[in-house]
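Please keep the sequence and the model in view while reading.

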Amino acid sequence: MPSYPAGISVSSRALITLADALRQRRTQRGTRWRRLPVGQQALLVLAHLRKGETYADLAAGFAIGATTVFRYVREALDVLAALAPTLADAVQVAAGKVFVILDGTLLPIDRVGMATGRDRPYYSGKHKQHGVNVQVLADPAGRLIWASAALPGARHDMGAARAHGLIDALHAAEVRVIADNGYRGSGFAVPQRRRPRDPETGRRRLSRNQRAVNAAHARQRGPGERANAQLKSWRVLRKIRCCPRRATSLVKAVLVLILAG
């Protein structure tokens, strides 16, 4: 299979962070010899995460076996996931911000309908596709602060935030949070909504002041979409093709590399 040199739009700091973590892992395990040095292994993993290169393509490019590529990628994901900030770390950072933006995103997964119904927990009725739910915290400029573990895509954003302990942790730290209507009832700042239907006049429209409040709220919440875009700029997260149970390792690994860059 022919191969060719190509570039990766990843910072050198991300490459160094991954290489240092792999080097420390090899030292702890007493590894004597590997087919690739840590720098080349880190480059291989970044090509897989950032560009979505397949194991077969990476095996041809680095002149190693596909099974070796699989082991290298799996090892790097575990190493990076262990470096990911915890919820307590994220809340500590959030406490130093004027406010933070909370949003949920669906990462599509490669699944098909099953007669047994085992795929149903991963099917999002909102997005009409299978995926995993990830909660994302961003600062007012849209910079990524934290990303949660992946839950089945059928889970509502409010339920996912509660499952991670995110709502209680942010309230305990007295962090001001901007969120969308999916978090209504959480105590966070959410948009105004129209009042229930009146039997005589129908559903009442928002007043001018309420519309102005919603517009200001949308301007504050808008940069949070940049954090979601940062995650999905890594092609491996645009369509997760591994077991959904490994999605958390992928998200945490990408989070560490983004924060390192």
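The structure is a predicted model. Its largest nonpolar core has 50 residues, and the structure holds 7 salt bridges.

**Nonpolar cores**

- Within the largest nonpolar core, the residues that touch the most other members are Leu18, Leu44 and Leu237.
- Among the elements that give two or more residues to this core are helix H1 (12-29), helix H2 (38-51), helix H4 (66-83) and strand S3 (129-138).
- Helix H10 gives the most to this core, namely 9 residues.
- Leaving aside neighbours within four places in sequence, Leu44 is in contact with Leu36, Leu58, Phe62, Ile64, Val69, Tyr72 and Val73.
- Another core, of 19 residues, lies apart from the largest one, and its members include Leu102, Leu137, Trp146 and Phe188.

**The pair of strands S3 and S4**

- Strands S3 and S4 pair in the antiparallel sense, over 3 bridges.
- Val136 stands opposite Ala147, which is in S4.
- The hairpin of S3 and S4 has 5 residues between the strands, and Gly142 in this hairpin takes a positive phi near 90°.

**Thr105**

- Thr105 is found in strand S1, which covers residues 100-108.
- Because its relative accessible area is 7%, Thr105 is buried; the cut-off for this term is under 20%.
- Its side chain makes a polar contact of 2.9 Å with the side chain of Lys232.
- Beyond its neighbours within four places in sequence, Thr105 is in contact with Val132, Asn133, Val134, Val136, Asn228 and Lys232.

**His217**

- His217 lies in helix H8, which spans residues 208-221.
- With a relative accessibility of 7%, His217 counts as buried.
- The side chains of His217 and Arg221 are joined by a polar contact of 2.9 Å.
- Leaving aside neighbours within four places in sequence, the residues in contact with His217 are Ile178, Ala179, Ala189, Val190 and Pro191.
- Ala66 is 151 residues from His217 in sequence, and the two are 49 Å apart in space, C-alpha to C-alpha.

**Salt bridges**

- Side chains of opposite charge can pair when their charged atoms come close.
- Asp20 and Arg23 meet through their side chains in a salt bridge of 2.9 Å, N to O. These residues are 3 apart in helix H1, so about one helical turn separates them. Asp20 counts as partly exposed at 40% relative accessibility, and Arg23 counts as partly exposed at 40%.
- Glu75 forms a salt bridge with Arg34, with the closest N and O atoms 3.1 Å apart. Because Glu75 lies in helix H4 and Arg34 in the loop between H1 and H2, the pair ties together parts that are 41 residues apart in sequence. Glu75 is buried, at 7% relative accessibility, whereas Arg34 is partly exposed, at 21%.
- Arg241 forms a salt bridge with Asp110, with the closest N and O atoms 3.5 Å apart. Arg241 lies in the loop between H9 and H10 and Asp110 in the loop between S1 and strand S2 (123-124), so this pair ties together parts that are 131 residues apart in sequence. Arg241 is exposed, with a relative accessible area of 60%, while Asp110 is partly exposed, with 41%.

Definitions and conventions
Residues are numbered from 1 along each chain as its sequence is written. This is a predicted model: local features need pLDDT of at least 70, side-chain atom pairs count only at pLDDT 80 or more; totals for chains, interfaces and linings use all residues. Side-chain values use heavy atoms; hydrogens and water are left out. Helices (H or I, at least four residues) and strands (E, at least two) are DSSP runs, numbered from the N terminus. Buried means under 20% relative accessible area, exposed over 50%, partly exposed in between (1.4 Å probe, protein chains only). Contact means heavy atoms within 4.5 Å. A polar contact is a pair of N or O atoms within 3.5 Å; within protein, one must be able to donate a hydrogen and the other to accept it, and residues adjacent in sequence count only if both atoms are side-chain atoms. A nonpolar core is a set of buried Ala, Val, Leu, Ile, Met, Phe, Trp, Tyr and Cys residues joined through side-chain atoms within 4.5 Å. Two strands pair if DSSP finds at least two bridges between them. A salt bridge is a side-chain nitrogen of Lys or Arg within 4 Å of a carboxyl oxygen of Asp or Glu.
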